[in-house]
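Here is a short report for a first look at this structure. Keep the sequence and the 3D view open as you read.

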Amino acid sequence: MTNKRAGWASNIGFILAAAGSAIGLGNIWKFPGKVGEYGGGTFVLVYLCMVVCIGFSCLLAEITLGRYAQKNTVGAFRLIHKRWAFAGKLGVLSAFIILSYYSVVGGWVLKYIFTYLTGADFGGDTTAYFTGFIASAVQPIVWHCIFMALTVCIVLRGVSAGLEKMSKLLMPVLFLLLIAITIRAVTLSGAQEGLAFLFTVDVSRINADLIITALGQAFFSLSIGLGIMITYGSYVSAQDSLPKSVSSILLLDTFIALLSGVAIVCAVFATDKSLIGSGGGGFAFISLPNVFAQMPAGNFFGGLFFLLLFFAALTSSMSLLEGLVAFVSEEYGLSRTKATLLLAGSMAVLGCGYSLSQGAVALTLPWFDIANGLQFLPMANVMELATDNLIMPLGALFTCIFIGWVWKPDHAIAEIRRGGSSKFAFAPVWAFLIRYVCPLAIASILFAGFVMGKALS
Ligand code: PHE
């Protein structure tokens, strides 16, 4: 290929786009839900350790590999060692499955924005409202297709004019919306109790379950293990300092997760404490509308919250689609437009299966783990389990092994130091982490998923 490769127009554009990928549904409703479930400050502390020690190393590894190879994820692995293209393909497969259902959840968010705009009428029972909506056959699929179409529109415009421009626009707005919601939440009476919960650490509560959950959350939140960051790294200019960019992405992602934690935990403590710990899929869609309904100007803030969730989901979904489009267009020689439409169309269809299996149709698939044996579960659950517990951690594990043992840290360090943009004094520590600590930590996620049957997203 002799064509000039697309790229980010500026370093800040890259940082915002990568932060946009990282900041998603994972930060804004999964993270606060887990903080509630796992006892507040204790979970926050362990999560922060995981992000700094493991998340940083893996994120830097992926972005460095991408910048070195100047190729999509599969091409990057293949460039260094032909036999390792499979590791890139694992990432592509999980990105494909994840975007199929991420877009369905994005559609739910759109539906809620619409509900808030038209008077926030949940019929007096948010549980019945949500379960009735997702179990219907047509409505959620229509919203899912709208969300996918919006993602397509951005990706079709290309790396700099589409992804970068959108991130530069949406990320600051997202930030301002979250600040507004946080100020509202911490000034509610009773919010102090929430703050105390968030910042009180009880080391005796730290156990294997909590550590592994925090690690799984860190991976999902930083978009690691799917080759997305390899693709984003391939658009980075040789002049940029990678460790600095990675630190900024990490700080932004963590800051937004913490801020949503503060906002949501305080709002829940101030309204209905019993909801804390009721994390999981329904939390944002069932519990939070009740929380908003009980606070002054609640409908306004509820609408803002779902708008914020939509922006976060959109910048993540466009990164997933971009990773896939780069792979298909570069590896199979398709035009970007054709690749985008083909991929989005197939994922829209797969997403229909996810949506229908929420109640409209009894679509089940087999799943196996040691704790529960062979079971037939709704297609939606199997799609989530297959990516969160199996394909995504496997992709991340192979990426670390590849960079630590096949490509070797010395080559990666040379790439990081290229152009004199970074001294990278931590190089020996990073090499140790990527060769030994990260693979072991990821293997523990896989082990937990397979043996204990844990859902780790
Ligand atoms: N990091 C995103 C979130 O927190 C999800 C995501 C995972 C996006 C993997 C892209 C790739 O929601």
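## Helices around the ligand

Four helices each give at least two residues to the shell around the ligand: helix H1 (11–22), helix H2 (25–37), helix H10 (208–221) and helix H14 (298–332). Bear in mind that this is a predicted model.

The ligand sits in the largest cavity.

## The shell

How many residues are around the ligand? There are 15. Ala-22, Leu-25, Gly-26, Tyr-102 and Phe-220 come nearest.

What is the make-up of the shell by class? Seven residues are nonpolar and eight are polar. No charged residues take part in the shell.

## Polar contacts and cover

Look next at the backbone. At Leu-25, a backbone N or O atom lies 3.1 Å from an oxygen atom of the ligand. At Phe-220, a polar backbone atom is 2.8 Å from a nitrogen atom of the ligand. Ser-221 also has a polar backbone atom by a ligand nitrogen, at 3.1 Å.

How much of the ligand's accessible area does the protein cover? On its own, the ligand has 320 Å² of accessible area, and the protein covers 100% of that.

## Aromatic pairs

Now turn to the rings. The count comes to 39 aromatic pairs, taking ring centres within 6.5 Å as a pair. One of them is Tyr-112 with Phe-285. Their ring centres are 5.1 Å apart and their planes stand at 80°, so this pair is edge-to-face; the cut-off for that class is over 60 degrees.

Where do the two residues of this pair lie? Tyr-112 is in helix H5 (residues 85–117), and Phe-285 is in helix H13 (residues 282–293). The pair links distant parts of the chain, 173 residues apart.

Definitions and conventions:
Residues numbered from 1 in each chain as written. Predicted model: local features only at pLDDT ≥ 70, side-chain atom pairs only at ≥ 80, totals over all residues. Heavy atoms only, no water. Near = heavy atom within 4 Å. Polar contact = N/O pair within 3.5 Å; in protein donor to acceptor, adjacent residues only side chain to side chain. Areas by Shrake-Rupley, 256 points an atom, 1.4 Å probe, with all protein chains shown as cover. 1 Å grid on protein atoms, 1.4 Å probe; cavity = no way out; pocket = protein on both sides within 12 Å on 5 of 7 lines; lining within 4 Å. Sits in = over half its atoms within 2 Å of the grid points. Nonpolar A, V, L, I, M, F, W, Y, C, P; charged D, E, K, R; others polar. Phe/Tyr/Trp six-rings, centres within 6.5 Å; stacked < 30°, edge-to-face > 60°.
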